[in-house]
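Dear colleague,

I am handing over the structure we spoke about, together with my notes on it. Please look through the model before reading on.

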Amino acid sequence: MNMDQLKRQAAARALEEVRDGMQLGLGTGSTAKHFVELLGERVAAGLNVIGVPTSEATRADAERCGVPLTTLDEIDHLDITVDGADEIDPELNLIKGGGGALLREKIVAAASDRMIVIADDTKWVPTLGRFPLPVEVIPFGLGATRRGIEKAFAECGVSGQMAVRRAKDGHVFVTDGGHWIVDAQLGRIADPASLAKALSAIPGVVEHGLFIGLASSAVLAGGEGIRVIERR
Ligand SMILES: O=C(CO)[C@H](O)[C@H](O)COP(=O)(O)O
């Protein structure tokens, strides 16, 4: 089974948790896209749900698949958010933002009763940090913000190269919120909760890709089948 089939399997397993009448957060990325497509098939067959997309890309996918959409201004909570991740550790802390949607993804996950993370099992790691940590920043004053980020890294015992993310065409990547992303190659983040707190305190940092205590469960698809891991 190839990687894409594993992602679809994880998405299908998460779909089993969806009940009629639910309000759903719809994640971003290639795995979350499978979930939106499968959800669209269930909606076409009569399932009554409504979704909040975490990116303009997911909004377009959901519209194409016929999934009814709303916003967090129109409803007061979400039952489940289903989203992918770039890394998942045994505490179900995550690195997200490889697709650049971390800000809306975190707002939507935080508004949800449950967050189910779906992934192929290559995303499972003993310690976060091999995947570059995305930090969403305001372009104004970027030099000062970067120095603040470096200080936070030093205080939390990590270090590594930082680079402003670029799109395939070479231009600076701009998020749906109009911000930039700095990707930091940290290698190993021993204390992700402390680093998350330190990064959140920096003026100029809009959000970062450390999702601490947000995921309720992870559905991991691998060669030997599907594993569902619940947060302890
Ligand atoms: O955080 C994300 C987007 O901002 C994605 O969930 C993450 O990058 C995983 O994507 P994929 O399912 O394509 O591997």
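Below are the notes on its sheets, a loop and some side-chain contacts.

This is a predicted model, in which local features need pLDDT of at least 70 and side-chain atom pairs count only at pLDDT 80 or more, whereas totals for chains, interfaces and linings use all residues. Residues are numbered from 1 along each chain as its sequence is written, and side-chain values use heavy atoms, with hydrogens and water left out.

Helices (H or I, at least four residues) and strands (E, at least two) are DSSP runs, numbered from the N terminus, and two strands pair if DSSP finds at least two bridges between them.

E3 and E6 run parallel and are joined by 5 bridges, with methionine 115 in E6 as the bridge partner of threonine 81. E6 also pairs with E12 in the parallel sense, over 5 bridges, where valine 117 has alanine 218 in E12 as its bridge partner. E12 and E13, in turn, pair in the antiparallel sense over 6 bridges; a hairpin joins them through 2 residues, and alanine 221 stands opposite isoleucine 226 in E13.

E6 is mostly covered, with 7 of its 9 residues buried (buried means under 20% relative accessible area, exposed over 50%, partly exposed in between, with a 1.4 Å probe and protein chains only).

E4 and E5 run antiparallel and are joined by 2 bridges, and isoleucine 88 stands opposite leucine 94 in E5.

The loop between E4 and E5 holds leucine 92, which has a positive phi of about 65° although it is not a glycine. Most residues other than glycine have a negative phi. Leucine 92 is buried, with a relative accessible area of 1%.

Asparagine 93 lies in the loop between strand E4 (87-88) and strand E5 (94-95) and is buried, at a relative accessible area of 10%. The side chain of asparagine 93 reaches the backbone nitrogen of glycine 213 at 3.4 Å. Leaving aside neighbours within four places in sequence, the residues in contact with asparagine 93 (heavy atoms within 4.5 Å) include Leu128, Pro192, Phe211 and Gly213.

Finally, two charges sit over rings (NZ of Lys or CZ of Arg within 6 Å of the ring centre and within 35 degrees of the ring normal). The charged end of lysine 96 sits over the ring of phenylalanine 211, 5.7 Å from its centre, and that of arginine 165 over the ring of phenylalanine 173, 5.5 Å from its centre.

With best regards

Terms used. A polar contact is a pair of N or O atoms within 3.5 Å; within protein, one must be able to donate a hydrogen and the other to accept it, and residues adjacent in sequence count only if both atoms are side-chain atoms.
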